[in-house]
4 protein chains.
Amino acid sequence: MDSRNGALHRLKIAKGHLDKVIRMVQNDEYCIDVLTQSQAVQGQLSEVDAMILEKHLGTCVADAMKKGDNKNSVDEVIKVFRRGRG
Amino acid sequence: MDSRNGALHRLKIAKGHLDKVIRMVQNDEYCIDVLTQSQAVQGQLSEVDAMILEKHLGTCVADAMKKGDNKNSVDEVIKVFRRGRG
Amino acid sequence: MDSRNGALHRLKIAKGHLDKVIRMVQNDEYCIDVLTQSQAVQGQLSEVDAMILEKHLGTCVADAMKKGDNKNSVDEVIKVFRRGRG
Amino acid sequence: MDSRNGALHRLKIAKGHLDKVIRMVQNDEYCIDVLTQSQAVQGQLSEVDAMILEKHLGTCVADAMKKGDNKNSVDEVIKVFRRGRG
């Protein structure tokens, strides 16, 4: 399973867990349990982000840097980092 | 639209955006665009978390505190806060 | 050691680690090592936040809720939660 | 003011704000005000992290990639990203 399929696999698991969050809200389940499940989905998406960013650095960014074209690719990665930090 | 329906509405929007993340990975779209979309989903879920936590504090936690039963409800909220912080 | 002294103790450790971050930047140490140290400081501050919030919920918020004055204290806690999430 | 001095300047401001957090706890100031100040320090450190990471990507990582030595530098950046995400 390559990185792309690994990411897809995890995204589909995250989607299943998000469906569960929706059902839990519809069924008025205990708020703390809903929050725990929702935070798990966010953790799964964040893990996929790390996989995608890792591949991006090793391919697109590496290619750009070999051509001496650093600025755009660095700016894009820093934007992702800043958004991830809040 | 009450808080429960507001949360459901936002969760369904987040699910639609997660479906889009999945399609973007399937179509090998540009990594940075996928990351931007994935981070948007996480931001939407985090916003739903704030709505759910707000309702929880104003109902379950307030009821527990009126009965002098602080410890369990405080512990649960702090666990959610810690997970949110990483 | 009560909660207040526990928080102070940890804040002083965090300050010592922040001094180290400053020295590392002054000495042009390896960026990744500086980032690791800076993220450790942020983790320590976030841990202190959890301690302070825990005490706040168990005292000020509990007192307000016993008086039926939920709204202000809930709003304040949610603002802290949102900022913590980014 | 170059990137290194910009980072140092911001770190010293963050240190001044951390000193204020310590004084606020010593003076038993209102918890929510302490949390607001502490979260501001964390935001400042996170902003410095982005500056340091930006410089790191444009120098050390770019140099490594020009030599075809991607793996170590990518692994290091991803570790920073994961820690930043929690």
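Two residues are in contact if their C-beta atoms, placed from the backbone, lie within 7 Å. The views below show a predicted model, in which local features need pLDDT of at least 70 and side-chain atom pairs count only at pLDDT 80 or more, while totals for chains, interfaces and linings use all residues. Residues are numbered from 1 along each chain as its sequence is written, and chains are lettered from A and ligands numbered from 1 in the order in which they are written.

**View 1. The side of chain A that touches chain B.** Here 33 residues of chain A are in contact with 33 residues of chain B. Helix 1 (3-26), helix 2 (31-66) and helix 3 (71-85) of chain A are the elements that give two or more residues to this side. Helices (H or I, at least four residues) and strands (E, at least two) are DSSP runs, numbered from the N terminus. Helix 2 of chain A gives the most, with 17 residues. By residue type, this side of chain A has 19 nonpolar, seven polar and seven charged residues. Ala, Val, Leu, Ile, Met, Phe, Trp, Tyr, Cys and Pro count as nonpolar, Asp, Glu, Lys and Arg as charged, and the others, Gly among them, as polar.

View 2. Copies are superposed by least squares on the C-alpha atoms of residues with pLDDT of at least 70 in both.

**View 3. The side of chain D that touches chain C.** In this pair, 33 residues of chain D are in contact with 33 residues of chain C. Two or more residues of this side come from each of helix 1 (3-26), helix 2 (31-66) and helix 3 (71-85) of chain D. The largest share, 17 residues, is that of helix 2 of chain D. The side of chain D that touches chain C holds 19 nonpolar, seven polar and seven charged residues.

**View 4. The axis relating chain D and chain C.** Chain D is laid on chain C with an RMSD of 0.0 Å by a turn of 180° and a shift of 0.0 Å along the axis. The two copies are therefore related as by a two-fold rotation axis. In chain D, the C-alpha of D:Gln42 is nearest the axis, at 2.8 Å. The same surface serves both copies, and 100% of the contact residues of chain D recur in chain C.

View 5. Most residues other than glycine have a negative phi. A:Asp28, which is not a glycine, has a positive phi of about 55°. A:Asp28 sits in the loop between helix 1 and helix 2 of chain A. With 9 other C-beta atoms within 10 Å, A:Asp28 is exposed. A residue is buried if 20 or more other C-beta atoms lie within 10 Å of its own, exposed if 12 or fewer, and partly exposed in between; C-beta atoms are placed from the backbone. In chain C, the phi of C:Asp28 is also positive, near 55°. C:Asp28 lies in the loop between helix 1 (3-26) and helix 2 (31-66) of chain C.

**View 6. C:Gln44 and its contacts.** C:Gln44 is part of helix 2 of chain C. C:Gln44 counts as partly exposed, with 19 C-beta neighbours inside 10 Å. Leaving aside neighbours within four places in sequence, C:Gln44 is in contact with C:Arg10, C:Ile13, C:Ala14 and C:His17.
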